[in-house]
2 protein chains.
Amino acid sequence: MIPLSTTTQFDDRSKMNDNSIFIGGKPFMNYVTGVVMQFTTKNADDVIIKARGKFISRAVDVAEVAAKRFLDNAVAIKDIKVDSEGFRSNEGRDVRVSTIEITLSKNR
Amino acid sequence: MIPLSTTTQFDDRSKMNDNSIFIGGKPFMNYVTGVVMQFTTKNADDVIIKARGKFISRAVDVAEVAAKRFLDNAVAIKDIKVDSEGFRSNEGRDVRVSTIEITLSKNR
């Protein structure tokens with residue numbers, strides 16, 4: 001069993017309080033609003049939009065709409081990282097899933 | 001009317017001969033093979049993988065599989081650009097579509 005402290009420290013989901021927005025199947029504008037509020041209400045300097053698999057396209061849409069339509073000129077895409085994770089599916093097959101992290105930053 | 005020379009020079013599609021692979025709905029391995037062959041048979045130094053909308057996730061998958069499974073250590077992702085294009089749909093609505101360009105390069 002993994003000690004709780006390790007899980008808490010390294011589990012990606014725990015970073016969601018840390019200016020990260022993890023994109024899934026909720027209504028599109030939920031995520032856009034989430035990003036915009038990190039910059040406005042919480043006064044964050046950076047917000048990281050994360051997604052896996054088919055939600056990667058959506059993550060790019062969220063980044064574009066938030067940066068260009070809602071926060072025009074105040075925020076821009078600073079960095080994009082893609083990677084992939086291998087794991088064993090429930091059926092025992094080796095599966096690879098792509099991931100993306102898009103960092104939006106306030107223009108200074 | 002746009003002069004032909006301008007169209008030829010600036011139309012993105014014309015760059016498809018220029019080491020670009022445009023991702024669509026064909027079988028996944030077609031695109032991976034296309035990328036790998038640009039580096040091997042055609043000896044390209046860079047290949048640009050382009051996609052729009054829902055095919056963006058697929059473009060990331062193609063880049064990851066080509067770079068990590070087929071060309072391991074020989075090729076890496078050098079640059080990723082995302083953008084969005086606005087246009088008027090057939091129904092007269094203003095539509096925005098996201099785009100991605102992933103540049104894979106030979107490690108030197």
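Biologist: What do buried and exposed mean here?

Modeller: Buried means under 20% relative accessible area, exposed over 50%, and partly exposed in between, using a 1.4 Å probe and protein chains only. In chain A, 37% of the 108 residues are buried. This is a predicted model, in which local features need pLDDT of at least 70, side-chain atom pairs count only at pLDDT 80 or more, and totals for chains, interfaces and linings use all residues. Residues are numbered from 1 along each chain as its sequence is written, and side-chain values use heavy atoms, with hydrogens and water left out.

Biologist: Which helices and strands does chain A have, and in what order do they run?

Modeller: Helices (H or I, at least four residues) and strands (E, at least two) are DSSP runs, numbered from the N terminus. Chain A holds three helices and four strands. Their order from the N terminus is α-β-α-β-α-β-β.

Biologist: How many bridges join the strands that pair with β4(A)?

Modeller: Two strands pair if DSSP finds at least two bridges between them. Strand β3 (residues 75-88) and β4(A) run antiparallel, joined by 13 bridges. There, Ile77(A) stands opposite Leu104(A). Strand β2 (residues 46-52) pairs with β4 (residues 94-106) in the antiparallel sense, over seven bridges. In that case, Arg52(A) has Thr99(A) as its bridge partner.

Biologist: What lies between β3(A) and β4(A)?

Modeller: Five residues lie between the strands of this hairpin, where Gly92(A) takes a positive phi near 85°.

Biologist: What share of contacts links residues 24 or more positions apart?

Modeller: Contact means heavy atoms within 4.5 Å. Of the contacts in chain A with a separation of 6 or more, 67% come from residues 24 or more positions apart.

Conventions: Chains lettered and ligands numbered in written order.
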